[in-house]
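Q: I'm new to this one and would like a slow walk through it. Could you take me from the overall picture down to a few details?

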Amino acid sequence: MKRLNKNAVLLWVLLALPLIAFAQIPTVTLNNGVKMPILGFGTLDLRESTGVQSVAKAISIGYRLFDTATVYGNEEAVGEGIKKSGIDRSELFITTKLWVDDTGYEKTKKAFETSLNKLGLEYIDLYLIHRPRGDLRGAWKAMEELYEAGKIRAIGVSNFEPHQLEELLSYAKVKPAVNQIETHPFFQQYREREVLNGLNIQMEAWSPLAGGRNDIFNNPTLNAIGKKYNKSAAQVSLRWLIQRGVVTIPRTDNAEYMKENIDIFDFELDEADMLKITGLDLNTTQFPEWE
Ligand SMILES: NC(=O)c1ccc[n+]([C@@H]2O[C@H](COP(=O)([O-])OP(=O)(O)OC[C@H]3O[C@@H](n4cnc5c(N)ncnc54)[C@H](OP(=O)(O)O)[C@@H]3O)[C@@H](O)[C@H]2O)c1
């Protein structure tokens with residue numbers, strides 16, 4: 001009897017582990033009241049079987065926010081990974097993005113349906129205009145309608161500079177909930193952050209690890225700070241973003257890195273650490289080829 005109880009407890013703990021991990025990821029509340037996990041999982045370059053396996057693995061480790069895009073060519077893989085995980089859809093927060101070729105009212109409606117079908121979902125949590133190009137007015141109107149119809153829980157933009165946001169706000173009926181922009185220790189985006197905070201638009205960081213560029217994982221400052229807390233340069237970079245209230249989505253297909261990147265809620269950088277990281281800002285993109 002005693003042995004049975006012990007086994008039952010063990011089984012309960014094993015079943016509850018993913019829930020416990022998720023419970024550790026704090027959320028931010030978007031300007032329309034929707035809650036979004038502050039840490040998620042990027043899927044750029046994770047295609048086909050790598051995409052499927054990575055998404056399913058990340059869910060089992062505790063990730064709940066997933067970031068994909070039409071142009072990544074992996075919406076089907078992300079959808080399959082979700083299915084494979086067996087998780088209830090309502091526990092996830094899924095972002096996808098409208099590519100520049102699909103802007104305009106009619107094309108946006110069609111592109112959204114295609115994304116939805118590829119992902120195998122009934123609704124999207126966050127739909128973003130990927131880049132400020134094309135017929136944005138038509139695209140935004142279509143997104144507003146899809147939002148009002150309950151097909152999207154929040155709509156937003158990506159790679160918008162303050163003047164481009166201002167223009168969109170001049171005709172938007174629904175204010176964007178998020179602007180997803182390149183942000184990491186080498187490109188800290190202080191001005192954008194101030195503008196977005198002022199507008200009550202959530203900042204989300206893409207390439208929070210600078211895509212591994214500029215030798216970020218061997219950066220002496222990040223590693224010296226990490227040593228104090230027994231954390232890596234990657235963990236320090238992600239923690240720094242989260243302490244600034246920025247949502248972020250590191251990407252990896254390596255299960256050990258997935259665990260490392262989610263293990264950032266048990267320490268806090270102090271003011272001196274934050275200041276040292278401020279000193280790393282080069283105030284420029286690490287992806288000039290995408291400009
Ligand atoms: N809106 C946009 O225009 C836009 C643009 C770019 C990206 N994004 C989104 O942002 C997500 C993240 O950006 P990203 O994919 O460019 O790069 P990232 O997350 O900054 O960096 C990914 C690189 O870091 C490595 N890595 C991850 N965790 C690590 C760890 N703990 N220790 C050591 N190395 C680690 C990965 O290695 P492995 O390859 O070995 O796993 C990969 O090479 C994308 O996946 C995508 O969803 C959006």
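Predicted model: local features only at pLDDT ≥ 70, side-chain atom pairs only at ≥ 80, totals over all residues.

Q: What share of the residues is buried?

A: Buried residues make up 44% of the 291 in the chain. As for contacts between residues at least 6 apart in sequence, 74% of them join residues at least 24 apart.

Q: Switching to the strands, what order do they take in the open sheet?

A: The sheet has eight strands with parallel pairing, in the order S3-S4-S5-S6-S7-S8-S9-S10. Strand S3 (41–42) and strand S10 (247–248) stand at the edges, and because each has a single partner strand, one side of each is left without a neighbour in the sheet.

Q: How many bridges join S6 to S7?

A: Five bridges join strand S6 (residues 124–129) to S7, and the two run parallel. Strand S7 (residues 152–158) is itself mostly covered, with seven of its seven residues buried.

Q: What about S8 and S9, how do they run?

A: Strand S8 (residues 178–182) and strand S9 (residues 202–206) run parallel, joined by five bridges. Ile-181 stands opposite Ala-205 in S9.

Q: Now a helix, please: which residues of H3 are buried?

A: The buried residues of H3 are Glu-75, Ala-77, Val-78, Gly-79, Glu-80, Gly-81 and Ile-82. What covers them includes helix H2 (48–61), strand S4 (65–67), S5 and helix H4 (105–119).

Q: What follows H3?

A: Gly-86 follows H3, and its phi is positive, near 75°. Ile-87 then lies in the loop between helix H3 (75–85) and strand S5 (93–98).

Q: Why is Ile-87 called partly exposed?

A: Ile-87 has 17 other C-beta atoms within 10 Å, and a residue counts as buried with 20 or more and as exposed with 12 or fewer, so this one falls in between.

Q: Leaving aside neighbours within four places, what is Ile-87 in contact with?

A: Ile-87 is in contact with Ile-59, Ile-82 and Leu-92, and Ile-82 is also one of the buried residues of H3. By contrast, the C-alpha atoms of Ile-87 and Gly-104, 17 residues apart along the chain, are separated by 34 Å.

Q: Last topic, the ligand: which residues come nearest?

A: Of the 27 residues around the ligand, Gly-42, Leu-44, Leu-209, Arg-251 and Thr-252 come nearest. By class, the shell has ten nonpolar, 13 polar and four charged residues.

Q: Which helix gives the largest share of that shell?

A: Helix H10 (residues 255–262) gives the largest share, three residues.

Technical notes. Residues numbered from 1 in each chain as written. Helix = DSSP H or I, 4+ residues; strand = E, 2+ residues; numbered from the N terminus. Contact = placed C-beta atoms within 7 Å. Near = placed C-beta within 6 Å. Nonpolar A, V, L, I, M, F, W, Y, C, P; charged D, E, K, R; others polar. Pairing = 2+ DSSP bridges.
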